[in-house]
Amino acid sequence: MQQWLQNFSVSKKMNAITIMFATIIGLSILAFIMAAQSFKEDFNNFEKRSLVGVKTVLETEKELNYFSRLSR
């Protein structure tokens with residue numbers, strides 16, 4: 001293995017290292033983009049659910065106010 005590496009010139013070794021780092025950075029960016037998309041979908045689902053919850057709370061409050069007025 002060491003003999004094999006010694007046969008390469010410095011520029012070829014530098015090019016190989018650069019390609020490895022570029023590949024690692026590219027994969028990291030891809031993973032980040034996928035995680036961001038997942039986060040966006042989760043946030044949109046949470047927003048929809050929270051709006052349904054707020055609507056339910058407001059309807060319940062309206063009904064409680066109605067019963068309170070009837071009992072006076």
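Me: Where is M20 found in this predicted model?
Reply: M20 is found in helix α2, which covers residues 10–70.

Me: Why is M20 called exposed?
Reply: The label exposed needs over 50% relative accessible area. M20 has 52%, so M20 is exposed.

Me: What makes M20 part of a nonpolar patch?
Reply: Patch members need over 30% relative accessible area and no salt bridge, with nonpolar side chains joined within 5 Å. M20 has 52%, and the patch includes M20 along with V10, M14, I17 and F21, among others. Together the patch residues have about 1100 Å² of accessible area.

Me: How many helices and strands are there in the chain?
Reply: There are 2 helices and 0 strands.

Me: How do you know that the chain is more spread out than a compact globule?
Reply: For 72 residues the globule rule gives 11 Å, but the radius of gyration is 30 Å, well over that, so the chain is more spread out than a compact globule. The C-alpha atoms fill a box of roughly 95 × 15 × 10 Å along the principal axes.

Me: What percentage of the residues count as buried?
Reply: Buried means under 20% relative accessible area, and 0% of the 72 residues count as such.

Definitions and conventions: Residues numbered from 1 in each chain as written. Predicted model: local features only at pLDDT ≥ 70, side-chain atom pairs only at ≥ 80, totals over all residues. Heavy atoms only, no water. Helix = DSSP H or I, 4+ residues; strand = E, 2+ residues; numbered from the N terminus. Rg over C-alpha atoms; globule rule 2.2 N^0.38 Å. Buried < 20%, exposed > 50% of the residue type's maximum accessible area, 1.4 Å probe, protein only. Patch = residues over 30% accessible without salt bridge, like charges linked within 9 Å, V, L, I, M, F, W, Y side chains within 5 Å. Areas by Shrake-Rupley, 256 points an atom, 1.4 Å probe, with all protein chains shown as cover. Salt bridge = Lys/Arg side-chain N within 4 Å of Asp/Glu carboxyl O.
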